[in-house]
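I open this notebook to record what I looked up around the ligand, in the aromatic pairs and along the backbone.

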Amino acid sequence: MRITGKTRLAGIMGWPVAHSRSPALHNFWLDELGIDGVYVPLPVRPERLAQALRALPALGFRGCNLTLPHKQVALSIVDRVDPLARRIGAMNTVVVAADGSLEGRNTDVYGFRESLRDSALDWNAAAGPAVVLGAGGAARAVVAALIEAGVPEIRVVNRTAARAERMAEDLAVPLSRMSIHPWTVRDAALRDAGLLVNTTSLGMTGEPDLNIDLSRLPPRAVVVDIVYVPLETALLAAARRRGHRTVDGLGMLLHQGRPGFEAWFGTPVRVTRELRVAVLATLAASR
Ligand code: ATR
């Protein structure tokens, strides 16, 4: 990498931010395309988020990504928020407009949709109900994407019912289209489903296992885990053994970066095998 007087800048704000894979992702694309640009981790304390965001245009940054704990608070700092990010209640991408104003977007919905499209080409939204485990920030993006895709019925299974109810309200999903189920009935909720998505942290390295019995899930159902450490979770391994098509969490992580990159650096990018290998290598190195 060569830093010139014209190097274009973008980065990711988080606290902490060292764990983020976004620098590996965006710098891979910058290198691949030979763009004079750099993407840096920006450790920003929560109480300095407004100051840091406001400084982006003055410092010549094209924009940034946001990770924990900034995704919600930033909504009230930027000048404009896209309607999707507003409904989801979180934004992960900031674009500095030509006049120096700040636009907030949510690209997780796009990331989820594109990763499904990539890995489960034959999945048909109309084919049956989708079961979503969890009702946190990631679940909101997944549910919004499924609604957009035209899934007729979404069954949300969450430990805390109130959180799932709030999600339905914020996303304006009618309860005729989305039902809420207690965590204890997760096995039964799989009956007739065409898609199962785990959005909880269960199964992630260092977290408890996700205990679920897949025997009621029809063989044609696609199983997605948005956890990507490990890449093949126990859920995906069990699904694969039963012959289901599986989609791992790395695709969503990689695809969600594409809209930001294009907005900041002016070039569309693709998710390739080489990119997956490069980002996986950084995950392995940090263990
Ligand atoms: P994210 O923003 O990444 O989605 P989150 O908002 O912390 O993370 O959400 C984590 C999800 O995992 C929630 O749905 C949570 O359930 P609650 O809403 O009941 O907290 C779920 N989760 C975490 N640990 C769990 C456990 N041990 N059993 C069942 N669900 C769990």
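I take a polar contact to be a pair of N or O atoms within 3.5 Å; within protein, one of them must be able to donate a hydrogen and the other to accept it, and residues adjacent in sequence count only if both atoms are side-chain atoms. I note that this is a predicted model, in which local features need pLDDT of at least 70 and side-chain atom pairs count only at pLDDT 80 or more, while totals for chains, interfaces and linings use all residues. Residues are numbered from 1 along each chain as its sequence is written, and side-chain values use heavy atoms, with hydrogens and water left out.

From the side chain of T160, an N or O atom is 2.5 Å from an oxygen atom of the ligand. Of the ligand's own 640 Å² of accessible area, the protein covers 69% (Shrake-Rupley method, 1.4 Å probe). I then listed the shell, counting a residue as near if one of its heavy atoms lies within 4 Å of the molecule: there are 13 residues around the ligand, and A135, N158, R159, T160 and R163 come nearest. By class, the shell holds four nonpolar, seven polar and two charged residues, with Gly counted among the polar ones.

Aromatic pairs. I count rings of Phe, Tyr and Trp (its six-membered ring) as a pair if their centres lie within 6.5 Å, with planes under 30 degrees apart called stacked, over 60 edge-to-face and the rest tilted; the count comes to four. Helices (H or I, at least four residues) and strands (E, at least two) are DSSP runs, numbered from the N terminus.

Backbone. The W15 to P16 peptide bond is cis, with omega near 5°, and P16 lies in the loop between β1 (8-14) and α1 (22-33).
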